[in-house]
Amino acid sequence: MKIGIIGLGNMGRSFAKAFVKGGYSVVASTRHPEKEKELNEFITLYNDNKKVAEEAEILFFAVKPYQLEEVMDEVRSSLGNPLIVSMAVGKSLDWIQETLGDFGILRIMPNTPVAVGKGVTVYTANEEVTDSQRMQFREIMQYTGEIKEIQETEMNVFSAVSGSLPAFVAMMIEGLSDGAVHEGMKRQDSYETIANTIIGTCTLLLEEGLQPGVLKDQVTSPGGTTIEGVRVLEEKGVRGAFMESIIGTVDKNKEIG
Ligand SMILES: NC(=O)c1ccc[n+]([C@@H]2O[C@H](COP(=O)([O-])OP(=O)(O)OC[C@H]3O[C@@H](n4cnc5c(N)ncnc54)[C@H](OP(=O)(O)O)[C@@H]3O)[C@@H](O)[C@H]2O)c1
């Protein structure tokens, strides 16, 4: 199966690497093939979107939302009958079908950990997607991390807690690390300790099924040190801030969608 990718930026490059790892044949287009020395060895690179559109059996559009219409117009007449995959924020299945034509279309929302095979990608399909196309898609996506099929109406909220979330988690890590550095810890030690503790806590949640409240209560002994930290976080409104950030992100998604 030949996978095509148009646009080799952050996401396009991450998907290309994941699919190469899975042993798939990948063709991609870039306006700067000379810069892609690392990928050049493993994938076929063209400075021509139409060639990718001609060859691909599954075709990923990984350009920015405002670039998508122009790129789709450019390649429409070169398409065979590929499964179309768009990751553009705010571009609906209907919009893609109107712009490109009657293809099996998947609208996906990935996140940056796709680059290390630990991404979370949600997707929604139009009615033209066949069972075998769905299976092929699920098969290739196993090299990118977790995937989940959702309703298109859920896309905005899933976008907030998957596509946008690495930024919020990174901000949380920065704040925690600044506190540790203030108290004399080396920056790198703080990143490693915090990141590994987050992974461990999340593993308890996912593998042992422990609710966040239980995970918190396990660490807070009466009159102890951790409940003091919890008091400060509550005083600063940290949970309300996280909640508002998700609501704000969803509102913005609705505005551009
Ligand atoms: N980044 C995220 O966390 C994230 C999460 C979820 C979804 N997404 C979606 O993923 C898509 C890509 O985002 P990104 O962050 O990867 O953006 P990006 O890093 O800016 O990558 C976009 C790429 O598309 C290329 N491109 C633009 N116009 C082109 C054309 N006419 N022909 C060929 N290539 C063209 C750009 O090349 P040049 O360098 O030549 O301009 C660039 O390499 C967007 O639709 C975004 O909504 C991103």
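Student: Is the crossing of α8 and α12 left-handed or right-handed?
Tutor: This is a predicted model, where local features need pLDDT of at least 70 and side-chain atom pairs pLDDT 80 or more, while totals for chains, interfaces and linings use all residues. Residues are numbered from 1 along each chain as its sequence is written, and side-chain values use heavy atoms, without hydrogens or water. Helices are DSSP runs (H or I, at least four residues; strands E, at least two), numbered from the N terminus. With the near helix turned clockwise from the far one by less than a right angle, the crossing of α8 and α12 is right-handed.

Student: Why is α8 called roughly antiparallel to α12?
Tutor: Axes are lines fitted to C-alpha atoms over the stretch in contact, with angles from 0 to 180 degrees between N-to-C directions. Roughly antiparallel means over 145 degrees (under 35 roughly parallel, 65 to 115 roughly perpendicular, the rest oblique). Axes of α8 (165–182) and α12 (238–256) lie 12 Å apart. α8 is roughly antiparallel to α12 because their angle is about 155°.

Student: Which residues of α12 make the contact?
Tutor: Contact means heavy atoms within 4.5 Å. α8 brings L165, F168 and M172. From α12 come F242, S245, I246 and T249.
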